[in-house]
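Please keep the sequence and the model at hand while reading.

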Amino acid sequence: MAMAMAAGYGQIPFDEEMQKSFRPPPPFHDSVGDGDHHILKPYKKSNRLVSLDAFRGLCVFLMIVVDYGGSVFPIIAHSPWNGLHLADFVMPFFLFVVGISIALVYKKAPNRLEATWKAMGRAAKLFLLGILLQGGFLHGLNSLTYGVDLERIRLLGILQRISIGYIVGALCEIWLSRRTRREVGILKSYYLHWFAAFAIIAVYLGLLYGLYVPDWQFFVPGEGYSDLPLDAHEHTVKCSVRGDVGPACNSAGMIDRFVLGINHLYAKPVYKNLKECNISSDKVVPESAPSWCHAPFDPEGLLSSLTAAVTCLIGLQYGHVLAHLQDHKGRLENWCGFSVAFLVLGLFLALLGFPINKPLYSISYMLITSATAGITFCALYLLVDIYGYRWLTLPLEWMGKHALSIFIIVSSNLAVILIQGFYWKSPENNLMNCIVSLFVHR
């Protein structure tokens, strides 16, 4: 439960004042008549914000769709490098909803030190769970065994990134919020959050464009890596550049190789699908491909986690609007204002040449996806919490309330591993292999 609350999953503890912020404010008089108060009746059954659960469930649903549908429909899978596909919206959406939840959980923190320890404990548990699920301990379709060499365990991943965003957002909310007895404006109360976001972005830009990346070598043995030949040898990547944002010579990869070690990075980065790598249908990179095509790279790396944390801080500000404003119109006006501003700025930066890049979690990518998350949340809030069409999002609401459990069972391949454990005569004759052969390798 602690891990679920840490990432914005599951039930959120409410005090009396927090419950008041969730009770539905009066409807618009300019768009909904006085006789239409019945549209808010679904809210009487629960003080939970239904659209928040629905948005969280949408994140889980999208993750399942792109994880299992990306092999069949590559257009929805992650973009190999620059660009935006459907899968590239999932992580920012998760971080955004975590930020909103933080604003509600830590709306009151009378004992800041105690709240800090609790936040750090929740983040640590979530981080360790991520290593267990995505570190390589659980194997996929090609192996019915389990276990991982500690020299090759992947240290970062989806839940680890969420835990980093969570702890940054929680610390900002606990220590940098200006709490006074009298009511002050939202921006004035949380202006230090914006300073923190700008400082993180400045550090990110300085490291991404300021660090010198020399030539580098790596050796990845073929055994255990299906996309490398068994007689793999040492590869050399020619760089000697500064400020490169390509897959070979960016400073994000250099930082991860130096701090974490190349053997602890993701062994099958999506940039191997670029034309330059000439990957075959059975996911093998030919020896004639550029050397960097064989190298591991972590899309949830250290440097990109900085701007990922900023997405969480942006969601935090949407949560402040939810917690402090009591009318639908005021909330929507603020949320739409934020979203439009972020979208315009992100598109402007993209036009200036800042790439929209998920593996590097570029500034333009962060702004555009945060704006999209804000617009999506506004739409769900309008549909469910204002007009009362809760029945349309009931499946998403259920998924949102059980998001962490679904992630563990489905998105981390536990369900796949359990199903493929039953086979006919030989391990290759299992249900999952039949599905893959019928729909993926046709």
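## Basis and overall composition

The structure is a predicted model, in which local features need pLDDT of at least 70, side-chain atom pairs count only at pLDDT 80 or more, and totals for chains, interfaces and linings use all residues. Residues are numbered from 1 along each chain as its sequence is written, and side-chain values use heavy atoms, with hydrogens and water left out.

The secondary structure of the chain comprises 16 helices and 4 strands; helices (H or I, at least four residues) and strands (E, at least two) are DSSP runs, numbered from the N terminus. Of the 442 residues in the chain, 51% are buried. Here buried means under 20% relative accessible area, exposed over 50%, and partly exposed in between (1.4 Å probe, protein chains only). Accessible areas come from the Shrake-Rupley method with a 1.4 Å probe; for residues, only the protein chains shown count as cover. Among contacts (heavy atoms within 4.5 Å) between residues at least 6 apart in sequence, 73% join residues at least 24 apart.

## Salt bridges

The whole structure contains 7 salt bridges, each defined as a side-chain nitrogen of Lys or Arg within 4 Å of a carboxyl oxygen of Asp or Glu.

| Pair | N to O distance | Burial |
|---|---|---|
| R154 and D298 | 2.8 Å | both buried |
| E300 and R154 | 2.8 Å | both buried |
| E397 and R390 | 2.5 Å | both buried |

The side chains of R154 and D298 meet in a salt bridge. R154 lies in the loop between α5 (112-134) and α6 (158-175) and D298 in the loop between α9 (251-259) and α10 (302-324), so this pair ties together parts that are 144 residues apart in sequence. R154 also forms a salt bridge with E300. That pair likewise links distant parts of the chain, as E300 is in the loop between α9 and α10 and R154 in the loop between α5 and α6, 146 residues apart. R154, D298, E300 and K358 are linked in a network of salt bridges.

D88 is found in the loop between α3 (50-69) and α4 (90-105). D88 is buried yet has no salt bridge, and the nearest side chain of opposite charge, K358, is 5.9 Å away. The side chain of D88 reaches the backbone nitrogen of H85 at 2.8 Å. Not counting residues up to four places away in sequence, D88 touches H78, S79, G83, K358, Y365 and T369.

## Exposed residues and a nonpolar patch

L382, Y387, Y389, W391, L392 and L394 make a nonpolar surface patch of about 590 Å². Patches consist of residues with over 30% relative accessible area and no salt bridge; like charges are joined within 9 Å, and nonpolar side chains (Val, Leu, Ile, Met, Phe, Trp, Tyr) within 5 Å. W391 is in the loop between α12 (363-386) and α13 (394-401), and counts as exposed because its relative accessibility is 58%.

K188, in helix α7 (residues 186-189), is exposed as well, with a relative accessible area of 56%. K188 and S177 are 11 residues apart in sequence and 9.4 Å apart in space, C-alpha to C-alpha.

Conventions
Lys and Arg count as positive and Asp and Glu as negative; His and the chain ends are not counted. A polar contact is a pair of N or O atoms within 3.5 Å; within protein, one must be able to donate a hydrogen and the other to accept it, and residues adjacent in sequence count only if both atoms are side-chain atoms.
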